[in-house]
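Subject: Handing over the structure, with notes on what was found

Hello,

Below you will find the structure that I promised to pass on to you.

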Amino acid sequence: MMRKLAPISLGVLLVVAIAVVLLKRSGKPPPLHVSRFLTVRTAARGQAIPAGFLGLSMEYPTLEGYAGTDPRALDPVFVQLVRNLSPGQRPVLRIGGVSTDHAWSPIPGVPAPPWARYTLDPTLLGVTRAVAAALGAKLILGVNLEADSARIAAGEATALLGSLGRSSIYALELGNEPELWAGFPWYRTPAGIRVRGRAHGWSPALYAQQFAAVAGALPGVPLAGPAAGSVKWSTQIGPFLAANPRVAVATLHAYPLKRCRATTHVSSAQLLDESSSTGLAALLAPYARTARAAGVPLRIGELNSISCGGEPGVSDSFASALWSLDTLFSLSRAGIAGVNVHSTPQIPNQLFAFTQAGGRWSARVYPIYYGLLAFARAAPPGARLIPVAGGTRRPLRAWATRGPDGRIRVVLINPRAAGAVAVGIRGPRARSARLERLTAPGLAAGDGITLGGQGFGTATATGLPAGARRDPVIEPEAGAFRLRVPAGSAALLTF
């Protein structure tokens, strides 16, 4: 049998070899077997993505760790990395988080209270002012509400306003995650006694009342809240806004997955599941509608993949880049007015880590940042979401925008199954498209990630992607643009 099959096998190989040679000589790649056909409807008006949609969130002490402690010599790498995510627009930076209710501004003759861990001193205020000026940023700044003291809150607000000026302050956010105040210790006394911020029976209604009472003592600047993350409290955003007409920005927190116990673990598959991106957006969409009905935009003031610091090997893996890219588009389509991605040093959820040696700064950029950068390129200022027919079925996700320059940008995200895609443009004929790929050695990779062939390597001293840029031009075949989208990758087509 082997002797009879051998000539046939050689013949087949010869035919294949001849076909490959002919294809090489013709300069045309072999035809793709397309498994998905997508149509971009360019004539649709689409939903606008607000300027400053993608912002960052950090704690008060984190800002000095990222930007440095000298207002006259800020970390230029940090400044550039933030600027990359908000080209041509003012970034929105939220500074507060857990540190909000442990910060205070010194009051003459009043000793520091036992809960005070962070002081709004001249150095911190100077760095904050310098960062805002360098970036042209709008700031959401946390003000302590867990202390339930109008005097303390007013002292903080006055210090922030006096140092930064009104033009830099987007809003003052009173308190952080008030749903936790009755269940978790706020601080410990010198004797080791745990003190909770609120007693049993604490509720969204009581919070709304205390918010209003403290707000009445603050300078006349816009306010933000409720900075809550639980479903129970988020559903009460309507009554909260009705009781607090000074709130100009409604804020909620969102983490699709939780890992707050050492025995609990989260996988990349869970992170890349539809429930963690489009599912998360669907949960938040009703709150966005409620806020809009009250004439207030809803901003997710704190977002990341996994709560309580994240999961090692997942939050700091390439899977988080694909998740963040899909999630930002999903939230925009759900009517969310903006998102602040939270970063804290030395935990898996961080976006970047900075070091300074010999007066020079450098940074390690973590995978999730690449997803944010891809979104920033796909959704330039003034861009609108436009529909993609056939792009909602898993595992492939497809999003499209039309920029004010008339360019169409299509994002394809493929976390699992490899395949080839055909993208058709319904509207003016597109003669070519530039292709940028977001790739990594694998979903678990923490390094080796590139966008359009460029990356930050293991460290960057500039904050700019390095390497040879790869954005080849592709042309349509039979009226559609055909390309492979390998499993565990994303692609950006610009028409």
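Phe53 and Phe375 are both buried, where buried means under 20% relative accessible area, exposed means over 50%, and partly exposed lies in between (1.4 Å probe, protein chains only). Before going further, please note that this is a predicted model, in which local features need pLDDT of at least 70, side-chain atom pairs count only at pLDDT 80 or more, and totals for chains, interfaces and linings use all residues. Residues are numbered from 1 along each chain as its sequence is written, and side-chain values use heavy atoms, with hydrogens and water left out.

Aromatic rings

A pair of aromatic rings is described by the distance of the centres and the angle of the planes. Rings of Phe, Tyr and Trp (for Trp, its six-membered ring) pair if their centres lie within 6.5 Å, and planes under 30 degrees apart count as stacked, over 60 as edge-to-face and the rest as tilted. The structure holds 23 aromatic pairs. One of them joins Phe53 and Phe375, which form a tilted pair with 5.7 Å from centre to centre and 35 degrees between the planes. Phe53 lies in the loop between β2 (47-48) and β3 (54-59), while Phe375 lies in helix α12 (residues 367-378), so this pair ties together parts that are 322 residues apart in sequence. Helices (H or I, at least four residues) and strands (E, at least two) are DSSP runs, numbered from the N terminus.

The rings of Phe78 and Phe352 have their centres 6.2 Å apart and their planes at 85 degrees, so this pair is edge-to-face. Because Phe78 belongs to helix α3 (residues 76-84) and Phe352 to strand β15 (residues 352-357), the pair ties together parts that are 274 residues apart in sequence. Phe78 is buried, with a relative accessible area of 0%, and Phe352 counts as buried at 1%. Phe78 and Phe352 also belong to one aromatic cluster, which is formed by Tyr66, Phe78, Phe352, Phe354, Tyr369, Tyr370 and Phe456.

Which charged residues lie over the face of a ring? Lys138 lies over Tyr170, at 4.6 Å from the ring centre, and Arg198 lies over Trp202, at 4.9 Å from the ring centre. A charge sits over a ring if NZ of Lys or CZ of Arg is within 6 Å of the ring centre and within 35 degrees of the ring normal.

The barrel

Strands of a sheet pair through backbone hydrogen bonds, either parallel or antiparallel. Here a closed barrel of eight strands runs β3-β4-β7-β8-β11-β12-β13-β14, with parallel pairing, and two strands pair if DSSP finds at least two bridges between them. Four bridges join β3 to β4 in the parallel sense, and Ser57 stands opposite Arg94 in β4. On to the next strand, β4 and β7 pair in the parallel sense over four bridges, and Ile95 has Leu141 in β7 as its bridge partner. Strand β12 (residues 247-254) and strand β13 (residues 298-303) run parallel and are joined by five bridges, with Ile300 in β13 as the bridge partner of Leu252.

Is β4 covered or open on its two faces? Both faces are covered, with Val92, Arg94 and Gly96 buried on one side and Leu93 and Ile95 buried on the other.

The open sheet

Four strands form an open sheet in the order β18-β1-β21-β25, and the pairing is mixed. Its edge strands are β18 (388-389) and β25, each of which pairs on one side only. Strand β21 (residues 419-426) and β25 pair in the antiparallel sense over five bridges, and the bridge partner of Gly419 in β25 is Val485.

Arg482 is found in strand β25 (residues 481-485) and is partly exposed, with a relative accessible area of 26%. Arg482 and Gly359 are 123 residues apart in sequence and 49 Å apart in space, C-alpha to C-alpha.

One more residue

Thr278 lies in helix α10 (residues 278-293) and is buried, with a relative accessible area of 11%. Leaving aside its neighbours within four places in sequence, Thr278 is in contact (heavy atoms within 4.5 Å) with Ser330, Arg333, Arg394, Arg397 and Trp399.

Best wishes
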